[in-house]
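User: I would like to learn how to read pockets and helix packing in a protein model. Could you take me through them step by step?

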Amino acid sequence: MNDQKQTTGKVALTYGTLLGVLSIIQAVILYITNSLLDQNWITAVIGFAIMIGMIVYGQKVYKNGNGGYMSFKEALKVGVGIAITGALIAAVYNFIFLTFIEPGLVDQIVEKQREAMIEQSPNMTDAQIEQGLAMASNFARPWVQSSFQIVGGIFFGFIISLISGLVLKKENPYQD
């Protein structure tokens, strides 16, 4: 018999790593299909579905590994741990990708922003466009994108963990 209890750290690391790898696979598929600059809501939904799936599944694994019990605090620890691990792995990949593999992509992002600004607001002056692009260029830098990816992953991971933790929690009546 296996009486070994699951730990929050082990589950978070395992499923967080899987979340990070799946996020990288999604990014690579977008890159291979030349869809990185043309992402739409479907891409975002797929990313969120992957995150939700890994967090909920990780919480279920933790709960099953602990006799069917999981406190709300443990659910949050597991879920946020998965989100942090996955976000860090994906952000490191994103930084490496934008810095070394495809450094010209940042310029392509800024140019796409220029086209969108001209299309949406044809009456903008060149000075206004350049000012907007300067700001967009700052946000398109690899370290800024990676930072936002980490913060966003933690934020959404917390929200998902909060909701799924409330649904999946089951207090152990034999524990003090």
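This is a predicted model: local features need pLDDT of at least 70, side-chain atom pairs count only at pLDDT 80 or more; totals for chains, interfaces and linings use all residues.

User: How much space lies in the largest pocket?

Analyst: Rolling a probe the size of a water molecule over the atoms shows where empty space is left. On a 1 Å grid over the protein atoms alone, where a 1.4 Å probe is used, a pocket is an open set of points with protein on both sides within 12 Å along at least five of seven lines, and lining residues have an atom within 4 Å of a point. Points are joined across faces, edges and corners, and a volume is the space filled by probe spheres set on them. Here the largest pocket holds about 1,200 Å³.

User: Which residues lie nearest the centre of the largest pocket?

Analyst: They are Gln-26, Gln-39, Asn-94, Gln-145 and Gln-149, out of 36 lining residues. Helices are DSSP runs (H or I, at least four residues), numbered from the N terminus, and α3 gives the largest share of this lining, 7 residues. By class, the lining has 22 nonpolar, 13 polar and 1 charged residues, where Ala, Val, Leu, Ile, Met, Phe, Trp, Tyr, Cys and Pro count as nonpolar, Asp, Glu, Lys and Arg as charged, and the others, Gly among them, as polar.

User: What is the class make-up of the lining of the second largest pocket?

Analyst: That pocket, with a volume of about 170 Å³, has 3 nonpolar, 4 polar and 5 charged residues in its lining.

User: At what angle do α3 and α6 pack?

Analyst: Axes are lines fitted to C-alpha atoms, for helices over the stretch in contact, and angles run from 0 to 180 degrees between N-to-C directions. For α3 and α6 the angle is about 160°, with the axes 8 Å apart; they are therefore roughly antiparallel, a term for angles over 145 degrees. Their contact has 19 nonpolar, 10 polar and no charged residues.

User: Where does UniProt place the feature "transmembrane region"?

Analyst: UniProt positions follow the numbering used here, feature names are shortened, and annotations may be inferred rather than shown by experiment. The unreviewed entry places this feature at residues 12-33, 39-57, 78-101 and 148-168. In the model, residues 78-101 are 100% helix and 0% strand, with end C-alpha atoms 33 Å apart.

How values were computed. Residues are numbered from 1 along each chain as its sequence is written. Side-chain values use heavy atoms; hydrogens and water are left out. Helices (H or I, at least four residues) and strands (E, at least two) are DSSP runs, numbered from the N terminus. Angles under 35 degrees count as roughly parallel, over 145 as roughly antiparallel, 65 to 115 as roughly perpendicular and the rest as oblique.
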